[in-house]
Amino acid sequence: MFGAGQDPALPLNGLDVAQYRDGVEMGRGGTGPDVVDSPFESLARGARASDTYGLALEPGHRVITGSLLPALPVTEPATFVGEFGPLGTVTAQFV
């Protein structure tokens, strides 16, 4: 399930994010000019990298153009929550 799309022109500088596993905070970070580049530049880099493997982005594909915190391993059932300030919250449950 996907939430509503966001305006790609939405400024990301100053965005605070937090990630949780089963209610325990696992990381916190934020954005700034030294962290965030243009999501369009990130998308173009990803498309070029995919092309080197003979793959292509197709209409309807969903793409994550970056991350503000490191990925957390999933080694057992758990619920993960990411809070992205005005962008909203994401929850993933692994069973």
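Residues are numbered from 1 along each chain as its sequence is written, and side-chain values use heavy atoms, with hydrogens and water left out. Because the model is predicted, local features need pLDDT of at least 70 and side-chain atom pairs count only at pLDDT 80 or more, while totals for chains, interfaces and linings use all residues.

**Confidence**

The chain has a mean pLDDT of 85, and 93% of its residues reach 70 or more; pLDDT is the predictor's confidence in each residue, from 0 to 100. Confidence is lowest in helix α1 (residues 39–51), at a mean of 86, and highest in strand β3 (residues 78–83), at 95. Helices (H or I, at least four residues) and strands (E, at least two) are DSSP runs, numbered from the N terminus.

**The sheet**

An open sheet is formed by four strands in the order β2-β1-β3-β4, with antiparallel pairing, where two strands pair if DSSP finds at least two bridges between them. Because β2 (24–30) and β4 (89–94) stand at the edges, each with a single partner strand, one side of each is left without a neighbour in the sheet. From one strand to the next the twist averages 15°, an angle taken between N-to-C directions on a scale from 0 to 180 degrees, with axes as lines fitted to C-alpha atoms. Strand β1 (residues 16–21) pairs with β2 in the antiparallel sense over six bridges, and Ala18 has Arg28 in β2 as its bridge partner.

**The charged pair**

Side chains of opposite charge can pair when their charged atoms come close. The structure holds one salt bridge, a term for a side-chain nitrogen of Lys or Arg within 4 Å of a carboxyl oxygen of Asp or Glu. It joins the side chains of Glu25 and Arg28 at 2.9 Å, N to O.

**The surface**

Leu43, Leu57 and Val63 make a nonpolar surface patch of about 220 Å²; such a patch joins nonpolar side chains (Val, Leu, Ile, Met, Phe, Trp, Tyr) within 5 Å, from residues with over 30% relative accessible area and no salt bridge. Val63 is found in the loop between α1 and β3, whereas Ala9 lies in the segment before β1. The table gives accessibility classes, in which buried means under 20% relative accessible area, exposed over 50%, and partly exposed in between (1.4 Å probe, protein chains only).

| Residue | Relative accessible area | Class |
|---|---|---|
| Glu25 | 40% | partly exposed |
| Val63 | 41% | partly exposed |
| Ala9 | 59% | exposed |

Notes: Patches are made of residues with over 30% relative accessible area and no salt bridge: like charges are joined within 9 Å, nonpolar side chains (Val, Leu, Ile, Met, Phe, Trp, Tyr) within 5 Å. Accessible areas come from the Shrake-Rupley method with a 1.4 Å probe; for residues, only the protein chains shown count as cover.
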